[in-house]
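Student: I would like to go through this structure with you, beginning with a single strand pairing and widening the view from there. Could we take it step by step?

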Amino acid sequence: MLRQLILAGMDVARLNFSHGSHEVHAETVARVRRLSEELNLPVAILQDLQGPKIRIGKMDEPYPIAKGDVVYISTTAEGRRDNVLPIQYETFAEDVREGDLILADDGKVTLNVLESNGEDLVKLEVVYGDAIGSRKGVNLPFTDISLPSLTPKDIADLEFGLKQEVDWIALSFVRTAEELRELKSRIRMQGADTRVIAKVEKPEALKNIDEIIAEADGIMVARGDLGVEIPLEGVPIWQKTIIKKCNAAAKPVIVATQMMESMIENSRPTRAEANDVANAVTDGADAVMLSGETSVGRFPVETVQAMERIITVVEEAGGIYHRNMSADKGSPTYIHDSIIVSGCHLAETVGANAVVGMTASGYTAFHLSKCRPKAHIFIFTHKRRMINVLNLLWGVRAYFYDNSESTDRTIEDTIEILRLNRRVTRGDVVVHCASMPLAQRQRTNMVKVTKVE
């Protein structure tokens, strides 16, 4: 199945650490890596940390409810006892107040807090819903929760993920940029430089969105929890706003949750779902993500194929290219940013077939992708792990190259590699963004146009 998903167009495999053991995830990582090498198709691995996700405790069966019913939620109960339900949140009774609304199961259940003993038991009234199921998620949109962004489980999962050399790590329920700095500090302490994605799904994150984007290496618009934590009608505008801000900052942005939800059970998406995917692409998303559709759905391959077709049609229609073609004068890398922007302007003017960049840090790739050139973006790097990392970025395909003899020789070599891989052919125009002297591997400081002989 993984082979079929990769061949259908999967660029990134997301491992959801809300579920599954380390043994199961290790097996999946090994399979993805093996298939990626065998098929010669890079696949990035994204470790999605659970974060302070609040869930109903384990119960043998769903508990039926109706409007007006009174239920109790206990932080110490093991399993259900009459109308007393367990919850996996030790300070729940301390954090909630009378009148707070509690939502469960992605908002399908709404409960109103009647009273709390402040220690371990909360009395609630059912507002909406017909059943509360085992392990269902719980959201407290009007409550300041005291749980840390990195839980003890997350810290153990992080250590495991870094040993597995995952390419990206997503932090759930981010509220402040400081939480990202803490995660990055832990990553550095283990001698790694793995990139970090901030999942935006809390109202506090929206208040601090500019600082979060500045600190993160990428952003995920996690619409599932976000649509429960804030009024549902606000999600589309925030999605567009976040995409625009990320594009301007050269940070990849993922749109996630319920993109093709009906394909969990059906072999074709709805017209609304096709429009949802198309609009995300048109707005400037780097990636559109599937979750339940491919993890538990009946038609995982068909879902990826359908999404790929929608993306292709939108991109062929045009209208998404040559964006963000400016550099921030206040940036310490303004000169280098301007050279990359100039290279993309030049590619548009001369009708280039490819824009080629060299990178060690990924900087050139991120900024070329930001400009959305219509020409293909090909990146060459001497760091093999960077090839998978860059697979998350819009339009980027990366190749390994470890020769820094001279800039002219490198340009010749990269064109030959692309020619052998049938990416360019005789007569094609290629724009190179590189640095001189090449051996020093500094930021981009030159642009050269070449016609393939």
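Student: How many bridges join β5 to β6?

Tutor: This is a predicted model, and the pairing is read from it with that in mind. Strands β5 and β6 run parallel, and within this pairing Y72 has V84 of β6 as its bridge partner. The number of bridges that join β5 to β6 is three.

Student: Which residue in β9 is the bridge partner of S74?

Tutor: Strand β5, residues 70-74, also pairs with β9, in the antiparallel sense and over five bridges. In β9, the bridge partner of S74 is L121.

Student: Which strands are the edge strands of the open sheet?

Tutor: The open sheet has seven strands with mixed pairing, in the order β3-β11-β7-β8-β9-β5-β6. An edge strand here pairs on one side only, and this applies to residues 54-55 and to residues 84-86. The edge strands are therefore, by the rule that two strands pair if DSSP finds at least two bridges between them, β3 and β6.

Student: Is M260 buried or exposed?

Tutor: The place of M260 is in the loop between β15 (253-256) and α10 (271-283). Leaving aside neighbours within four places in sequence, M260 is in contact with several residues, among them P269, V277, L290 and I310. Its relative accessible area is 0%, and the state of M260 is therefore buried.

Student: What separation do the C-alpha atoms of M260 and E273 have?

Tutor: M260 and E273 are 13 residues apart along the chain, and E273 is included among the residues in contact with M260. The separation of their C-alpha atoms is 5.6 Å.

Student: What is the radius of gyration of the chain, and how does the globule rule compare?

Tutor: The secondary structure of the chain comes to 16 helices and 21 strands. For 453 residues the globule rule gives 22 Å, and the chain comes close to that value, so it is as compact as a globular protein of that length. The radius of gyration of the chain is 24 Å.

Student: What percentage of the residues in the chain is buried?

Tutor: Buried means under 20% relative accessible area. Of the 453 residues in the chain, the buried ones make up 53%.

Definitions and conventions
Residues are numbered from 1 along each chain as its sequence is written. This is a predicted model: local features need pLDDT of at least 70, side-chain atom pairs count only at pLDDT 80 or more; totals for chains, interfaces and linings use all residues. Side-chain values use heavy atoms; hydrogens and water are left out. Helices (H or I, at least four residues) and strands (E, at least two) are DSSP runs, numbered from the N terminus. The radius of gyration is taken over C-alpha atoms; the globule rule is 2.2 Å times the number of residues to the power 0.38. Buried means under 20% relative accessible area, exposed over 50%, partly exposed in between (1.4 Å probe, protein chains only). Contact means heavy atoms within 4.5 Å.
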